[in-house]
Amino acid sequence: MAGVTTHPATTAARVLLQALAALGVHDVVLAPGSRSAPLAYALADAARTDAERPDGAPALNLHVRVDERSAGFLAVGLARAHALAESPRPVAVVTTSGTAVANLHPAVLEAHHSGVPLLVLTADRPHELRGTGASQTTEQVGLFAGAVRLAVDVPAPSGLPDEPRDTRALAVRAVAAATGARTGAPGPVHLNLCYREPLVPGSGPWPEPATAGLAHVDARPVAAVPAPDPSRAPVRGGRLGGTPTVLVAGDGAGVSARRLAEANAWPLLAEPSSGARGGPNAIPAYRLLLADERLGGRVRRVVVLGRPTLSRPVQQLLARPDVEVVVIAPTGATWPDAARGADQVLLEPPSRMRTGRLGSPAGWLEAWQAAGLAAAEAIDAVLDPPERGHRKRAGARVTGPALARAVAAASLPDDVLVVGSSNPVRDLDLVARWDEPPGVLANRGLAGIDGTVSTAVGVALGLPRRRVRVLLGDLTFLHDVGGLLRGPLEPAVDLQVVVANDDGGSIFATLEPGEPARADVFERVFGTPHGVDVAALCAGYGVRHTRVGDVEGLLPALAGPGPGLSVVEVRVDRAGRRTLGERLAADVAAAVAGLEQ
């Protein structure tokens, strides 16, 4: 058609989005930039309504953020939401060149270590401009080396007839690598996309969708653990059945861990984000019970699913020479074995384990259950001191464990709880008691504090029909406070952000730096008080804020989050953090010691 212009960069960007949509990608997060303009214009078309979308443009959900760090973790959250909804699919994030790419690195590392399918689409100058001092040009190829499942440096398109087919074939390989279709190891993929000017679209239409290059790739089957047969009682006694066994469910273990524990009458030591923390076998406060010689001391076999990262006592158990460690890792090239003590690494549970024929010694599970109940009651007694003179204790300050307990109680089975690293996830691990747990998500790949607000926003956007809440510390909140920023043209999100504000890093008070003998430098280099006015900060972002200073105001603030994005700031006592932990451990030990074994 006379006067119609089609630029190679525009065509390449449009064909790539067509292919990604055909391969199941629904969400794309974009940070603004110039070199990425071909993708930005194509995404703007793809995000239009059905009536306004140009012929040939796929339908995609577009999310725009001004900070690439926030954009990367927003994409991680969206991908986690898809997985929780049992519709796993990769999410793409688009940036321009230069430092914009480097800002994605923390999210890429988290996706790598936690197996989140992420498509990182970074725009770049064409090859002839590299090494010439061109603006915003650096060596982007290999920037994420070691942390991506696939990295491709894609040359700038020039309009050759085979380029659309090549682009579609590249999209197939990228999605297959991100989802782990061939390897069983999902994770991030990096496509470094070079574009030459002109970067804005001409007057030409979108290309007709085509299938050349869109190969069908069979996914690698992953065996699921079947539900136990209720008509078959677990075997007790016998050579194998007599081995005192516990099942450790780390991050991402899934419901399979709970099924195995219940089938074999094993105590279940499940982290909050394991997806297995529920039912009669889940033992509260298990990390404190491992110190008891009649419980932790008697363990001779540990079955591990998922990636345990929270507890030193668990790692010490896995390192004991008298304990057989069986790791079940159905996917991935590696397996969790930080203690380097695994005796067996299996792709799936053996038949005897799935059908409950391993069992446990008589009274073994019951002893752990009784101890767990006693531990929970002892913890409640510390967190809820008795009323003096029958008068209610007004104005009692909130502790970290008390806040985590309240958040756990407010989180129903259909809810989703995102939990930050450091103390919040450990407090939740100590106090959460669920028969049927909510969906619990955490960035435990590297257990960093960065990107937690943005991850939670992504989860909430990906699960609009479920109530989503995030529990995090004040440093974690401040580290990603930019995640609160949502432009007026972006979709609203319903999310309650619960900030445990103890004016610093209280987790260090529970570790070696918090020992009294080291107090002279603790506050400045570990405690790091900040004095931030969270209410004023929220006001600047236009976010609803509520401050809670005592126990009485806690449950009402959590009960009704309401629509939109809101922050509940809970002032938490940090001064007594180490002493509280020591008292909880001592009272639990005393309560368990008083039981008849």
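Helices, of at least four residues, and strands, of at least two, are DSSP runs numbered from the N terminus. In this predicted model, Ser422 lies in the loop that joins strand 12 (416-419) to helix 13. The phi angle of Ser422 is near 70°, a positive value in a residue other than glycine. With a relative accessible area of 23%, Ser422 is partly exposed, because the partly exposed class lies between the limits of 20% for buried and 50% for exposed.

Helix 13, which spans residues 423-431, is largely enclosed by the rest of the structure, because 8 of its 9 residues are buried. The buried residues of helix 13 are Asn423, Pro424, Val425, Asp427, Leu428, Asp429, Leu430 and Val431.

A positive phi is also found at Ala447, where the angle is about 55° although the residue is not a glycine. Ala447 belongs to the loop between strand 13 (439-441) and helix 14. The relative accessibility of Ala447 is 31%, so this residue counts as partly exposed.

Helix 14 (residues 452-462) takes part in a contact with helix 3 (residues 68-84), and the axes of the two helices come within 6 Å and cross at roughly 40°. The crossing of helix 3 past helix 14 is right-handed. On the side of helix 3, the contact is made by Ser70, Phe73, Leu74, Gly77, Leu78, Arg80 and Ala81. Helix 14 contributes Ser454, Thr455, Val457, Gly458, Val459, Leu461 and Gly462. By class, the residues of this contact comprise 7 nonpolar, 6 polar and 1 charged.

Aromatic side chains were examined next. The search of the whole structure identifies 3 aromatic pairs. In one of them, Phe508 and Phe526 are tilted relative to each other, with 5.6 Å from centre to centre and 55° between the planes. This pair links distant parts of the chain, since Phe508 is in the loop between strand 15 (495-501) and helix 16 (519-527), whereas Phe526 is in helix 16, and the two are 18 residues apart. Phe508 has a relative accessibility of 29% and so counts as partly exposed. Phe526 likewise counts as partly exposed, at 29% relative accessibility. The rings of Phe522 and Phe526 have centres 6.2 Å apart and planes at 20°, so this pair is stacked. The stacked assignment follows because planes under 30 degrees apart are placed in that class. Phe522 and Phe526 both belong to helix 16, where they are 4 residues apart, about one turn of the helix. Phe522 has a relative accessibility of 11% and therefore counts as buried. Through ring pairs, Phe508, Phe522 and Phe526 are linked into a cluster.

Leu23 is located in the loop between helix 1 (8-22) and strand 1 (27-30). The relative accessible area of Leu23 is 27%, so this residue is partly exposed. When residues up to four places away in sequence are not counted, Leu23 touches Ala171, Val172, Val175 and Leu214. Leu23 and Arg89 are separated by 66 residues in sequence, while their C-alpha atoms are 9.1 Å apart in space.

Asp292 occupies the loop between helix 8 (286-289) and strand 9 (301-305). This residue is buried, because its relative accessible area of 13% is under the 20% limit. With its neighbours within four places in sequence left aside, Asp292 is in contact with Gly297 and Val592.

A cis peptide bond leads from Glu197 to Pro198, with omega near 5°. Pro198 is placed in the loop between strand 6 (188-194) and strand 7 (245-249).

Conventions:
Residues numbered from 1 in each chain as written. Predicted model: local features only at pLDDT ≥ 70, side-chain atom pairs only at ≥ 80, totals over all residues. Heavy atoms only, no water. Phe/Tyr/Trp six-rings, centres within 6.5 Å; stacked < 30°, edge-to-face > 60°. Buried < 20%, exposed > 50% of the residue type's maximum accessible area, 1.4 Å probe, protein only. Axes fitted to C-alpha atoms, helices over the stretch in contact; angles between N-to-C directions. Left-handed = near helix turned anticlockwise from the far one by under 90°. Contact = heavy atoms within 4.5 Å. Nonpolar A, V, L, I, M, F, W, Y, C, P; charged D, E, K, R; others polar.
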